[in-house]
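Subject: Structure for you to look at

Hello,

Here is the structure I said I would pass on. Please have it open while you read the notes below.

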Amino acid sequence: MTQTAILPQWTANKIVGLFDHAILHPMFTDAEMLAQIEALLPYPIASVCIKPYAVAMAVKALEGTAIAVGTVIGFPHGSSLPAIKAAEAEQAFLDGASDVDMVVNVGKVMSGDWEFVRRDIGAVLAVARRHKGILKVIFETDYYKDDEPKIMLCRICSELGVDFVKTSTGFGFVKQADGTMGYKGATEHDIKLMRQHCPPGIGIKPSGGVRSLDDALKFIALGATRLGTTSTQLIHRQALERLAGSRDSAATPPGESGNGY
């Protein structure tokens, strides 16, 4: 695969500074989640996105750092009632979260019940605004056969003024035509589409399949302003190695320290 070049202003730390590192697998124990948080402490990521019941635990573990704590709402299928999603968000903010990533009601989207979808997102947004928190709306883009539902979601999110739109949960495996379970996650097409149909003030978050430096750089170039990943350490290391390689092939300009940070 062709390597994507790192622009001069994109240091390793700046790249991972866009990351929401996901710790959401249902089999993770408390001890495993805490171990992952500890391993992330050297990295200047934007946030840890953790299972809802573990928000308070993560807040305590990250006390004194600049890493925020986020969680998920209506995860992973988005089918809870709006009032339940709002209650989930309320508890998350009370427990110390600063970010919530809510899943839209996919069935309502596919039914074209846009008034319900607007009410659903608005219920969580009202809670986020009351707590001065950040709301990211997960479309679960794999489920839609064409672009129209995604464009409508962008329009509703833009009109409501959410903080981010997001592609995927990372857990949206669906049965394919051959009977197997498959999942794409974030795609270039969907990031371009979301950037095109949302105003500049709304961030774009690819999630699901951001596993390498080239993945991250590709989406950043397309307008992503936050990235969901579980590969922070790997991507940071790949960035340092590529930056070091670039320095080896060209003289370091005067006054430049030459380190990858």
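Start with Lys132, which counts as exposed because its relative accessibility is 77%. Here exposed means over 50% relative accessible area, buried means under 20%, and partly exposed is in between (1.4 Å probe, protein chains only). Lys132 is in the loop between helix H6 (114-130) and S5. Helices (H or I, at least four residues) and strands (E, at least two) are DSSP runs, numbered from the N terminus. The phi of Lys132 is near 55°, a positive value in a residue other than glycine.

Before going further, note that this is a predicted model, in which local features need pLDDT of at least 70 and side-chain atom pairs count only at pLDDT 80 or more, while totals for chains, interfaces and linings use all residues. Residues are numbered from 1 along each chain as its sequence is written, and side-chain values use heavy atoms, with hydrogens and water left out.

Back to phi. Most residues other than glycine have a negative phi, and most peptide bonds are trans. Glu140 also has a positive phi, near 55°. Glu140 sits in the loop between S5 and H7 and is buried, because its relative accessible area is 0%. As for the peptide bonds, the one joining Phe75 and Pro76 is cis, with omega about 0°. Pro76 lies in the loop between S3 and helix H4 (82-94).

Next, the sheet. Eight strands make up an open sheet with parallel pairing, in the order S9-S6-S5-S4-S3-S2-S1-S10. Two strands pair if DSSP finds at least two bridges between them. At the edges are strand S9 (203-205) and strand S10 (227-229), each of which pairs on one side only. From one strand to the next the twist averages 25°. Within the sheet, strand S3 (residues 68-73) and strand S4 (residues 99-103) pair in the parallel sense over four bridges, and the bridge partner of Val72 in S4 is Asp101.

Helix H2 (residues 30-40) lies across strand S1 (19-23) and strand S2 (47-50), and runs at about 155° to S1. For such angles, axes are lines fitted to C-alpha atoms, for helices over the stretch in contact, and the angles run from 0 to 180 degrees between N-to-C directions. Contact means heavy atoms within 4.5 Å.

Now the charged residues. How many salt bridges does the structure hold? There are 16, a salt bridge being a side-chain nitrogen of Lys or Arg within 4 Å of a carboxyl oxygen of Asp or Glu. Asp20 forms one with Lys205, and their closest N and O atoms are 2.8 Å apart. This pair links distant parts of the chain, with Asp20 in strand S1 and Lys205 in strand S9, 185 residues apart. Asp20 is buried, with a relative accessible area of 1%, and Lys205 is buried, with a relative accessible area of 1%.

Arg226 forms a salt bridge with Asp20 too, the closest N and O atoms being 2.7 Å apart. Arg226 is in the loop between helix H9 (213-221) and S10, 206 residues from Asp20. Arg226 counts as buried because its relative accessibility is 13%. The residues that Arg226 touches, not counting those up to four places away in sequence, include Leu18, Asp99, Lys136 and Phe164.

Lys136 and Asp99 form another salt bridge, with closest N and O atoms 2.7 Å apart. Lys136 is in strand S5 (residues 134-138) and Asp99 in strand S4, 37 residues apart; both are buried. A network of salt bridges links Asp20, Asp99, Asp101, Lys136, Lys166, Lys205 and Arg226.

Asp142, in the loop between S5 and H7, is buried yet has no salt bridge. Which side chain of opposite charge is nearest to Asp142? That is Lys184, 5.4 Å away; Lys and Arg count as positive and Asp and Glu as negative, with His and the chain ends not counted. However, the backbone nitrogen of Lys184 lies 2.7 Å from a polar atom of the Asp142 side chain.

Last, Ile151 is in helix H7 (residues 148-160). Ile151 is buried, with a relative accessible area of 16%, and touches Leu193 and His197, not counting residues up to four places away in sequence.

Regards

Key: Polar contact = N/O pair within 3.5 Å; in protein donor to acceptor, adjacent residues only side chain to side chain.
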